Amino acid sequence: MARPDPQLAPEGVSDAPLRAFVGYRMKRAFNALQADLTRTLEPFGLRMLTYSALALIVENPGLRPSQLAKALAVERANVVVYVDQLEEAGWVTRAPSPGDRRAYALQCTLAGRQVYERAHKAVQAHDSRMLRGLTRHEIATVGKALAGMGKQT
């Protein structure tokens with residue numbers, strides 16, 4: 001029987017049959033990334049999805065909630081929850097869209113931009129921490145491989 005890798009499975013549990021699957025290894029890596037990112041964003045009052053929404057709103061002033069939902073690959077109803085949280089924090093405002101009065105345009109406030117800039121620096125440090133030990137070439141290879149993921153249906 002294969003000796004379990006302590007980084008992949010709880011002590012005494014062999015996950016050898018699962019390690020053959022890239023998806024399993026990606027999920028284990030995602031769990032580690034998400035846990036560290038959660039700790040990174042907590043001091044800012046953000047979570048992974050609220051940070052992601054804030055980042056897209058900062059970089060795309062006037063973004064409509066439907067566009068945000070599509071960009072985040074989440075249901076529009078979920079985006080409304082994230083935008084509500086950002087608005088309650090005073091980081092985002094909604095105004096009627098100039099081109100479509102039935103839609104809202106999302107804008108970042110000064111306070112939102114400031115918290116985003118601080119959180120963004122922390123997320124960059126998180127990313128560097130998570131990639132420590134990989135060469136630039138390995139990072140580029142992983143990035144290129146992941147860029148094509150999810151595009152096939």
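**Figure 1. The residue just after helix α4 in the predicted model.** Ala73, which comes just after α4, takes a positive phi of about 60°. The structure shown is a predicted model, not an experimental one.

**Figure 2. The buried and exposed sides of helix α4.** Helix α4 spans residues 65-72, and its buried residues are Pro65, Leu68, Ala69 and Leu72. These residues cover an arc of only 100° around the axis, so they lie on the same side of α4. Lys70 and Ala71 are exposed, and they sit on the face of α4 turned away from its buried side. What do the buried residues of α4 pack against? Their partners are helix α3, helix α5 (76-88) and strand β2 (100-108).

Figure 3. Leu56 belongs to helix α3. Leu56 and Leu72 are 16 residues apart along the chain, and their C-alpha atoms are separated by 8.9 Å.

**Figure 4. The crossing of helices α3 and α6.** Two packed helices are described by the angle between their axes and the distance between the axes. Helix α3 covers residues 48-59 and helix α6 covers residues 110-131. Their axes come within 10 Å and cross at roughly 120°. The two helices are therefore oblique to each other. The crossing of α3 and α6 is left-handed.

**Figure 5. The residues where α3 meets α6.** Which residues of α3 take part in the contact with α6? On the α3 side they are Tyr51, Leu54, Ala55, Val58 and Glu59. On the α6 side they are Gly112, Arg113, Val115, Tyr116, Ala119, His120 and Val123. By class, this contact of α3 with α6 has eight nonpolar, two polar and two charged residues.

Figure 6. His126 is found in helix α6. Is His126 buried or exposed? With a relative accessible area of 5%, His126 is buried. Not counting residues up to four places away in sequence, His126 touches Leu33, Asp36, Leu37 and Thr40.

Key:
Residues numbered from 1 in each chain as written. Predicted model: local features only at pLDDT ≥ 70, side-chain atom pairs only at ≥ 80, totals over all residues. Heavy atoms only, no water. Axes fitted to C-alpha atoms, helices over the stretch in contact; angles between N-to-C directions. Helix = DSSP H or I, 4+ residues; strand = E, 2+ residues; numbered from the N terminus. Parallel < 35°, antiparallel > 145°, perpendicular 65-115°, else oblique. Left-handed = near helix turned anticlockwise from the far one by under 90°. Contact = heavy atoms within 4.5 Å. Nonpolar A, V, L, I, M, F, W, Y, C, P; charged D, E, K, R; others polar. Buried < 20%, exposed > 50% of the residue type's maximum accessible area, 1.4 Å probe, protein only. Arc of directions from axis to C-beta.
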